[in-house]
Each structure stands twice: as C-alpha cells, then as structure tokens.
Amino acid sequence: MTRPEKPVDRTVPARAKLADFLRARRNAVGLTYREMATRTAGMPSKTTFERAASGSYDPTLQTVEAYVEITMTKEEEFDGSIGAALTQARDLWIKARRAVRAPYYLHKAPDPTLIVHRADLSRAFRDQHVWAGCPSPGEMAWIAGPGMLPMTTARRIIQGRALPVTPTQAIAFLKACYVQAPEELEPWLAAAVRAFADSRNRSDWIAAYVERSPQQLRGDDRRGGLAGFLRAVA
C-alpha cells in the first residue's frame with residue numbers, strides 16, 4: 001500500500017500554489033512518483049518529483065516541465081492544450097522563485113523606458129533576472145538554446161561584471177529571463193540603443209531595434225519613424 005503523501009508545506013504561499021498545481025495533475029492521471037520516474041528513466045528521479053511537489057523546495061524548471069508533460073491528460077493530448085498547462089506551470093514556478101529570492105525592494109519588473117546609461121542597463125538586466133525567479137546560468141543557457149548564451153556570459157551579466165556585447169546575446173539573456181515577445185523586447189532594445197550611444201557597434205543595436213520595432217518604423221514610414229526615434233534617443 002502506498003504511503004500517504006505529506007501535506008504541502010505552506011510556509012511560502014507561492015511555493016505551495018506550485019505544489020498544489022503539480023499534485024492536482026498527478027492525482028488527475030493516477031500516477032505514482034515511482035511510475036513517473038520510470039517514464040523518465042530516472043531523470044528526474046522519484047525523489048526529485050516528490051520534492052518538486054512538496055512546497056518546501058525550489059525545483060528546476062526542467063523538473064517542473066517534465067512533471068507537467070508526464071501528467072498530460074488525454075484531453076490535453078487530444079486538443080493540444082498541454083502548452084497552456086506548461087505556461088501556467090512556468091508562471092507559478094517564477095512566482096515561487098521570486099517569493100524567496102527577490103530582494104525586498106523589487107516589487108515589479110524593471111521598466112526599460114527609464115534606462116539611459118550603461119549602468120542603468122546593467123542594473124535592469126540584473127533586476128529582470130531576479131524578477132524571472134533567478135534562473136541559474138545553466139538554466140539560462142538551456143532556455144536560450146544551444147550556443148546562444150554561454151553560462152560564463154550569463155553569470156558575468158548577473159553579477160554586473162559585463163553587459164551583452166551583441167544584440168543577439170542580449171536577446172538570448174532576456175529570453176532566458178522570459179522577455180520573449182517582440183513587443184516586450186522592443187523597449188529593451190531601444191534602451192540599449194540609448195545606453196550604447198557612443199559604441200562602435202551602435203548600428204547593430206539600431207538594426208536589432210528596427211527589426212522588432214512597432215509598425216511605424218517599417219514599411220513606407222520607416223525612414224521618418226526611425227529618424228524620429230534616433231532624435232529621441234540622441
């Protein structure tokens with residue numbers, strides 16, 4: 001007979017919400033943790049899955065996503081709604097990480113429209129990393145994709161010792177901090193154009209901004225829109 005699972009640790013409410021979400025999925029499909037681990041060939045292990053749904057531990061995003069995928073219901077498999085479950089799990093994971101890792105003064109995501117200088121940009125990157133739940137350099141490299149963000153580079157940016165040297169690197173860092181939609185990236189790239197005003201590769205930052213800019217900077221109005229933007233950030 002399977003031993004009853006310990007109650008969720010509710011010391012940190014955001015962690016408890018993630019644990020409740022995961023346990024509800026497991027109960028819905030009727031799997032044991034041992035069966036879940038068997039389906040992943042022990043990676044993650046039975047103990048790792050148990051800890052992820054305990055409410056007393058910060059699991060990795062890989063573990064949370066594996067948990068959700070293994071507990072996919074037939075309805076989710078049929079209608080393709082597993083993506084919504086993964087998005088919900090990621091949001092709960094971020095909030096749980098943020099609850100225990102964010103400093104007391106960080107109450108909202110950084111506003112890139114307030115960035116003027118490189119020091120501002122560096123601070124904003126670090127705050128965005130915290131707001132995203134402080135993913136480790138290894139997690140960030142995994143989220144950004146193969147070769148896009150080396151762990152050493154992510155670590156140096158997190159520590160405030162370096163800034164991204166190219167727009168591609170900046171976008172990879174932001175992607176790893178869950179700033180991914182074009183409309184979310186655009187103000188960050190505009191901020192980089194301001195911060196790197198005296199840089200030799202400023203044209204690269206401008207090109208990256210225009211590529212992800214509002215419609216008025218493209219098409220027939222691109223020349224006037226871009227000129228107005230450059231005057232505004234000069």
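This is a predicted model: local features need pLDDT of at least 70, side-chain atom pairs count only at pLDDT 80 or more; totals for chains, interfaces and linings use all residues.

Which residues of helix 10 are buried?

1. The buried residues of helix 10 are Pro 167, Gln 169, Ala 170, Ile 171, Ala 172, Phe 173, Leu 174 and Ala 176. Helix 10, which covers residues 167–176, is thus a mostly covered element, with eight of its ten residues buried. The partners against which these buried residues pack are helix 7, helix 8 (137–144), helix 9 (151–158), helix 11 and helix 12 (202–211). Just after helix 10 comes Tyr 178, whose phi is positive, at about 65°.

2. For the overall setting, the protein has 13 helices and zero strands, and its C-alpha trace spans about 70 × 40 × 30 Å along the principal axes. Of the 234 residues in the protein, 47% are buried. The exposed surface comes to about 12900 Å², of which carbon and sulfur atoms supply 53%. Where contacts in the protein join residues at least 6 apart in sequence, 61% of them are between residues at least 24 apart.

3. The aromatic pairs deserve a careful look, and the count comes to six. One of them is formed by Phe 125 and Phe 173, an edge-to-face pair with 5.3 Å centre to centre and 80° between the planes. Because Phe 125 lies in helix 7 and Phe 173 in helix 10, this pair ties together parts that are 48 residues apart in sequence. Both Phe 125 and Phe 173 are buried.

4. Phe 125 also pairs with Trp 188, and here the ring centres are 5.5 Å apart and the planes lie at 25°, so the pair is stacked. This pair links distant parts of the chain, since Phe 125 is in helix 7 and Trp 188 is in helix 11, 63 residues apart. Both Phe 125 and Trp 188 are buried. Elsewhere, ring pairs link Tyr 33, Phe 49 and Tyr 67 into a cluster.

5. How much space lies in the largest pocket? The value is about 580 Å³, and of the 18 residues that line this pocket, Arg 3, Pro 4, Glu 5, Tyr 33 and Glu 50 are the closest to its centre. Helix 1 (13–29), helix 2 (33–39) and helix 3 (46–52) each supply at least two residues of the lining, and helix 3 gives the most, with three residues. By class, the lining of the largest pocket holds ten charged residues, four polar and four nonpolar. Helix 6 gives the most, with four residues. By class, the lining of the second largest pocket has ten nonpolar residues, four charged and one polar.

6. Ala 162 has its place in the loop between helix 9 and helix 10. Leaving aside residues up to four places away in sequence, Ala 162 touches Arg 156 and Ile 157. The C-alpha atoms of Ala 162 and Ser 122 are separated by 7.7 Å, although the two residues are 40 apart along the chain.

7. Is Ala 28, the other alanine, buried or exposed? Ala 28 is found in helix 1, and because its relative accessibility is 59%, Ala 28 counts as exposed; the cut-off for exposed is over 50%. Ala 28 and Thr 71 are 43 residues apart in sequence, and their C-alpha atoms are 7.9 Å apart in space.

Methods
Residues are numbered from 1 along each chain as its sequence is written. Side-chain values use heavy atoms; hydrogens and water are left out. On a 1 Å grid over the protein atoms alone, a cavity is a set of points where a 1.4 Å probe fits but cannot get out, and a pocket is an open set with protein on both sides within 12 Å along at least five of seven lines; lining residues have an atom within 4 Å of a point. Grid points are joined across faces, edges and corners, and a volume is the space filled by probe spheres set on the points. Ala, Val, Leu, Ile, Met, Phe, Trp, Tyr, Cys and Pro count as nonpolar, Asp, Glu, Lys and Arg as charged, and the others, Gly among them, as polar. Buried means under 20% relative accessible area, exposed over 50%, partly exposed in between (1.4 Å probe, protein chains only). Contact means heavy atoms within 4.5 Å. Accessible areas come from the Shrake-Rupley method with a 1.4 Å probe; for residues, only the protein chains shown count as cover. Rings of Phe, Tyr and Trp (its six-membered ring) pair if their centres lie within 6.5 Å; planes under 30 degrees apart count as stacked, over 60 as edge-to-face and the rest as tilted.
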